[in-house]
Amino acid sequence: MRIRPTAAWALVTATALTAPLLAAVPAAHQGGLHLAKIQYDSPGKDTRSNSSLNAEWVNIHNSTRSPIQLKGYKLKDDTGYTYTFGSYRIGAGKTVKVRTGSGRNAPGTVYWNRKSYVWNNDGDKARLIKPTGSLLDSCSWTKKDKGTKNCH
């Protein structure tokens, strides 16, 4: 089979244009541990009460077939606020919710134990960082997202 020069050129051009885009996509977009959903604007009035702080959260989902130990993983915002996981094992196909306020960690939920909000309502970016320091996933929003952002 012979490929016409114009078809070959189109294939080369398409590959050259899309390859950098594919390389820029974090691995989590193709499965694995990733940011799933973020409630960045606590519903109702921002009172800084513990219940209001805990209504601000980030869901991290493990879409693999194996559990993952999260010790040393970090969740960061644009300002630099950082939550570092202690020993926490997320099961295969499970989600862990990281709440901003205080509480007792339990299966499926951990608490940042902050006394003020983390996520900016008018725009911010959550980053999930591996213990090695490399970026695993990120999710950003603007105020048009109306308080909640589905990341994947």
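Two salt bridges are present in this structure, which is a predicted model.

**The charged pairs**

Side chains of opposite charge can pair when their charged atoms come close. The table sets out the two pairs.

| Salt bridge | Closest N and O atoms |
|---|---|
| Arg-127 with Asp-78 | 2.9 Å |
| Lys-149 with Asp-145 | 3.9 Å |

Take the pair of Arg-127 and Asp-78. Where does each partner sit in the chain? Arg-127 belongs to strand β9, while Asp-78 lies in the loop between β4 (74-76) and β5. The two are 49 residues apart, and their pairing links distant parts of the chain.

Arg-127 has a relative accessible area of 24%, so it counts as partly exposed. Asp-78, at 48%, is partly exposed as well. In the other pair, Lys-149 is partly exposed with a relative accessible area of 22%, and Asp-145 is partly exposed with a value of 22%.

**The sheet**

Strand β9 also takes us to a sheet. Four strands make up this open sheet, in the order β5-β4-β9-β10, and their pairing is antiparallel. Which strands form the edges? They are β5 (82-84) and β10 (135-142), each of which pairs on one side only. From one strand to the next, the twist averages 15 degrees.

Now look at β9 (residues 123-129) beside β10. The two strands run antiparallel and are joined by seven bridges.

**The nonpolar core**

In soluble globular proteins, nonpolar side chains tend to be buried together. Here, the largest nonpolar core has 26 residues. Which of them touch the most other members? They are Leu-33, Leu-35, Ile-60, Leu-70, Leu-75, Phe-85 and Trp-119. Several strands contribute: β1 (33-39), β2 (57-62), β7 (95-99), β9 and β10 each supply at least two residues of this core.

Leaving aside neighbours within four places in sequence, Trp-119 is in contact with residues including Tyr-40, Val-58, Leu-75, Trp-112 and Trp-141. Its contacts also include Glu-56, Lys-76, Asp-77, Asp-124 and Lys-125.

Definitions and conventions:
Residues numbered from 1 in each chain as written. Predicted model: local features only at pLDDT ≥ 70, side-chain atom pairs only at ≥ 80, totals over all residues. Heavy atoms only, no water. Pairing = 2+ DSSP bridges. Axes fitted to C-alpha atoms, helices over the stretch in contact; angles between N-to-C directions. Salt bridge = Lys/Arg side-chain N within 4 Å of Asp/Glu carboxyl O. Buried < 20%, exposed > 50% of the residue type's maximum accessible area, 1.4 Å probe, protein only. Core = buried A, V, L, I, M, F, W, Y, C linked by side-chain atoms within 4.5 Å. Contact = heavy atoms within 4.5 Å.
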